[in-house]
Amino acid sequence: MSGNQVSLLLVGIGGYGSTYVKQLLNEPDLAEAVIAGIVDIHPERSNHYEMLKSMNIPFYPSMESFYAEKKADLAVISTPIQFHCEQTCLALANGSHVLCEKPIAATIQEVRRMMEARDRAGKFVAIGYNLSYTAQIQQLKRDIASGLFGKPKRLKSIVLWRRTDDYFSSGWKGRRKSDKGEWILDSVAHNATSHYLHNMFYVLGARTDASLMPDSVEAELYRVNPIENFDTCAVKAIGEDGVELYFYATHAVQDNFGPSFCFEFDKATITYTSGQHADRIDAVFHDGTVKGYEPQQSTKLLTCIEAAAVGGTDIPCGLEAAYAQVLCMNGMLESMPKVKEFPAGLVRRDEEVRSFWVDGLREALLDSYHRWALPSDLGFEWAAKGDIVRMAGYEAYTG
Ligand SMILES: NC(=O)c1ccc[n+]([C@@H]2O[C@H](COP(=O)([O-])OP(=O)(O)OC[C@H]3O[C@@H](n4cnc5c(N)ncnc54)[C@H](O)[C@@H]3O)[C@@H](O)[C@H]2O)c1
């Protein structure tokens with residue numbers, strides 16, 4: 001660390017935000033950061049509430065009330081998606097750098113507002129994609145950019161993660177809009193598994209804080225849960241230079257699989273499957289040599305605190321780098337505006353854990369993944385084709 005003390009405002013400490021609180025309370029590396037205040041509409045629901053109160057850390061019901069009294073070098077925002085844009089802009093206008101949780105926001109027009117607010121403020125906005133703050137992904141990204149593997153041809157990622165009724169009952173998960181009419185657009189691809197959609201664009205970006213942009217997006221969106229948006233998707237995006245990206249994700253399975261990915265380049269194939277090969281990413285060259293990338297801890301919070309300590313500097317994953325995921329997700333909704341329900345005959349219910357799943361879906365998505373295909377290409381009876389949406393000149397998601 002630089003030796004400068006960094007004051008933090010934590011916004012949202014109940015869900016994922018509790019991870020930041022835990023780190024700040026326990027990790028000596030972060031000792032130079034002080035919590036100047038906490039904003040949460042229900043702070044008492046946090047496991048750390050009593051501890052934080054006993055430390056005399058002040059709580060505020062809104063960011064406005066915090067900034068009326070105090071300042072912070074860095075605002076750490078871990079609230080539901082519909083608040084990311086407003087809260088980031090407010091923090092910037094009050095002189096804070098920002099670490100905002102992923103995804104950036106619901107729509108690309110909000111991302112543009114955030115970029116403008118950042119440029120006006122002269123501060124940084126980091127987006128909390130954990131992997132992008134690991135030495136493992138940074139080394140891989142540098143090797144890709146240096147041309148070590150040759151040109152990228154096609155990339156695919158799959159994440160099959162069950163989610164229960166509890167998950168969807170939080171009031172915003174699976175919703176398109178809030179009661180006040182703000183876009184949320186929460187979905188399997190825009191929340192839990194967004195890391196792996198983002199990661200494909202991110203590793204192909206030519207600079208640290210850059211990603212490949214999708215030129216076109218074709219998506220199939222499905223659901224089994226009683227939600228407004230989708231819990232299952234299969235996506236084909238084409239990026240600059242014709243590189244193909246395939247993404248498969250669902251919450252409607254009984255048994256989890258992944259994340260797993262396979263990136264094909266001219267000279268090598270890069271693979272990863274969670275829980276296999278000690279979580280190493282392996283690049284296997286066509287001549288049989290292997291370069292392995294060992295798993296590393298994400299340094300997300302520490303990186304942002306250190307950047308704030310020196311008044312802002314390059315951060316690995318800012319708004320430009322995380323933009324491709326939002327653009328792709330908006331394109332997915334344009335590709336298939338009406339989410340398709342799975343046929344009732346395939347819907348299964350696990351009453352013990354209180355979750356829905358779809359008979360045969362796990363196998364169908366794995367089959368599609370292995371064959372670099374969309375479910376509709378393989379003729380699954382529940383599958384439907386989305387439009388191919390060109391993203392060049394795409395200005396705004398308006399529903
Ligand atoms: N990086 C990761 O691995 C990771 C993991 C999980 C969630 N997340 C992200 O974290 C964000 C929050 O998700 P979550 O699952 O923790 O949500 P959550 O609903 O479980 O928790 C949100 C917290 O924000 C508070 N809150 C709600 N509205 C607020 C407002 N207007 N102002 C201040 N506080 C408010 C709530 O009281 C709660 O404490 C999302 O963007 C999500 O994608 C990231």
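A search of the whole structure finds 16 salt bridges, a salt bridge being a side-chain nitrogen of Lys or Arg within 4 Å of a carboxyl oxygen of Asp or Glu. The structure is a predicted model, in which local features need pLDDT of at least 70 and side-chain atom pairs count only at pLDDT 80 or more, whereas totals for chains, interfaces and linings use all residues. Residues are numbered from 1 along each chain as its sequence is written, and side-chain values use heavy atoms, with hydrogens and water left out.

One of these salt bridges joins the side chains of glutamate 264 and arginine 154, with 2.8 Å from N to O. The pair links distant parts of the chain, since glutamate 264 lies in strand β11 (residues 257-265) and arginine 154 in strand β7 (residues 152-160), 110 residues apart; helices (H or I, at least four residues) and strands (E, at least two) are DSSP runs, numbered from the N terminus. Glutamate 264 counts as buried because its relative accessibility is 17%, while arginine 154, at 26%, counts as partly exposed. Here buried means under 20% relative accessible area, exposed over 50%, and partly exposed in between, with a 1.4 Å probe and protein chains only.

Arginine 371 forms a further salt bridge with aspartate 367, the closest N and O atoms being 3.2 Å apart. In this pair arginine 371 is exposed, at 51% relative accessibility, and aspartate 367 is partly exposed, at 26%. Aspartate 377 and lysine 385 are likewise joined by a salt bridge, with 2.9 Å between the closest N and O atoms; aspartate 377 has a relative accessibility of 46% and counts as partly exposed, and lysine 385 is partly exposed with a relative accessible area of 47%. Salt bridges that share partners also join Arg118, Asp119 and Glu320 into one network.

The domain assignment of the protein chain, whose bounds come from an automatic or database domain assignment, gives domain 1 (6-130) and domain 2 (133-297 + 316-390). The centres of domain 1 and domain 2, taken over C-alpha atoms, are separated by 27 Å. In the interface, 21 residues of domain 1 are in contact with 26 residues of domain 2, contact meaning heavy atoms within 4.5 Å. The two domains bury about 2200 Å² between them, 64% of it on carbon and sulfur atoms, where buried area is the accessible area (1.4 Å probe) that two parts lose on being put together, summed over both. In domain 1, the residues that lose the most area to domain 2 are Gln82, Ile108 and Tyr129, which together account for 30% of what that side buries.

The count between domain 1 and domain 2 is 1 salt bridge. The side chains of arginine 118 and glutamate 320 meet in a salt bridge of 2.8 Å, N to O. On the side of domain 1 that touches domain 2, α5 and β6 each supply at least two residues, and α5 gives the most, with 5 residues.

Helix α5 (residues 108-121) has 14 residues and reaches 20 Å from its first C-alpha to its last, close to the 20 Å expected at 1.5 Å a residue, the expected span being 1.5 Å times one less than the number of residues. Buried residues in α5 are Ile108, Glu110, Val111, Met114, Met115, Ala117 and Arg118, and what covers them includes α4 (84-93), β6 (125-127) and α10 (319-335). Glycine 122, whose phi is positive, near 70°, follows α5.
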